[in-house]
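Colleague: Could you take me through this model? I would like to discuss it one topic at a time.

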Amino acid sequence: MAGMSDADVQGQIAHMIAFIEQEASEKVEEIECKAEEEFNLEKGRLVATARAKIIEHFDKKIKQVELQKKIQHSNLLNASRLQVLKHKEKLVNNLFESISTDSGRVSQDDAQKYRKALTDLTLQALCRLLEPRVTLQVRQQDLELMKSLVPGIQESYVGLTKGKYQVEISIDEQNFLPADLIGGIVMTAQNGKITINNTLDERLKHIGRQMQPQIRGMLFGPNPNRTFND
């Protein structure tokens, strides 16, 4: 450089080098600070994401455990209710079996009551059918009794229908009702196209179906889960 001594030139160069080094040092520091800041931000984001995933994972596990506990509780409760219902059903069935046994004694021990029962059951079936010819099925042990009752039943039927209807009653002496039935009759008409089961067993079943809600109520009290009574 003109007008400057070598010492001045060296001084200028040294000053420029010092300035550049200072600028570079500040730039490096700035870059390092920015990198540190970005690193901390990224680290915080990654930690937050990992924490959220861990919390979500354990939340799912907790919900699965709670759901499993609810399912197990529900299964145990349903199993318990089923056992109670079976026990109640058994008690009701035992009651009807007892009633059936007691009813069976009527045909065995009280002939007069059973004669009236057979007569009433036959007349009831006749009044439902209003057919001119019918066939009766009875237990084999009731055959002779039924034969003796037919004339009186026919006469009563004419009276009940005020003379509008008469009936011819025949008894099937080939096909008998099971001997272990309580008793009663099965009536057919129109060559078997129409059938009325008016056995005491069938009547007892019918009454049992109708009265089952009341009987359950008497035995076990009102059902809290039932909105309406049958």
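**Salt bridges and the sheet**

Modeller: The structure holds six salt bridges. Please keep in mind that this is a predicted model.

Colleague: Which residue does R45 meet in a salt bridge?

Modeller: The partner of R45 is E42, with an N to O distance of 2.4 Å. R45 and E42 are three residues apart in helix α1, so about one helical turn separates them.

Colleague: Are R45 and E42 buried, exposed or partly exposed, and what are the values?

Modeller: R45 is partly exposed, with a relative accessible area of 46%. E42 also counts as partly exposed, at 34%.

Colleague: What about D142, which side chain does it meet?

Modeller: D142 forms a salt bridge with R139, at 2.9 Å from N to O. D142 counts as buried at 4% relative accessibility, and R139 is buried with a relative accessible area of 6%.

Colleague: And where do K147 and E173 lie?

Modeller: The side chains of K147 and E173 meet in a salt bridge of 3.3 Å, N to O. K147 belongs to helix α3 and E173 to the loop between β2 and β3, so this pair ties together parts that are 26 residues apart in sequence.

Colleague: How many bridges does β3 make with β1, and how many with β4?

Modeller: Strand β1 (residues 133-137) is joined to β3 by four bridges, and the two run antiparallel. β3 and β4 (residues 194-199) are also antiparallel, paired over six bridges. A189 stands opposite I194 in β4.

Colleague: Why is β3 described as largely enclosed?

Modeller: Six of the six residues of β3 (residues 184-189) are buried, so the rest of the structure largely encloses this strand. G184, V186 and T188 point one way, I185, M187 and A189 point the other way, and all are buried.

Colleague: Where do positive phi values occur?

Modeller: One is Q190, with phi near 55°, in the hairpin of β3 and β4, which has four residues between the strands. Another is L130, a residue other than glycine, whose phi is also near 55°. L130 is in the loop between α2 (111-129) and β1, and counts as partly exposed at 34% relative accessibility. K162, likewise not a glycine, has a positive phi of about 55°. K162 sits in the loop between α3 (143-160) and β2, and is exposed with a relative accessible area of 72%.

Colleague: How many disulfides does a search of the whole structure find?

Modeller: Zero disulfides are found. As for cysteines, C33 is partly exposed with a relative accessible area of 48%, and C127 is partly exposed with 34%.

Colleague: Finally, which residues form the nonpolar patch on the surface?

Modeller: M16, F19 and I20 form it, with about 340 Å² of accessible area together. M16 is placed in helix α1 (residues 6-109).

How values were computed. Residues are numbered from 1 along each chain as its sequence is written. This is a predicted model: local features need pLDDT of at least 70, side-chain atom pairs count only at pLDDT 80 or more; totals for chains, interfaces and linings use all residues. Side-chain values use heavy atoms; hydrogens and water are left out. A disulfide is a pair of cysteine sulfur atoms within 2.5 Å. Buried means under 20% relative accessible area, exposed over 50%, partly exposed in between (1.4 Å probe, protein chains only). Patches are made of residues with over 30% relative accessible area and no salt bridge: like charges are joined within 9 Å, nonpolar side chains (Val, Leu, Ile, Met, Phe, Trp, Tyr) within 5 Å. Accessible areas come from the Shrake-Rupley method with a 1.4 Å probe; for residues, only the protein chains shown count as cover. A salt bridge is a side-chain nitrogen of Lys or Arg within 4 Å of a carboxyl oxygen of Asp or Glu. Two strands pair if DSSP finds at least two bridges between them.
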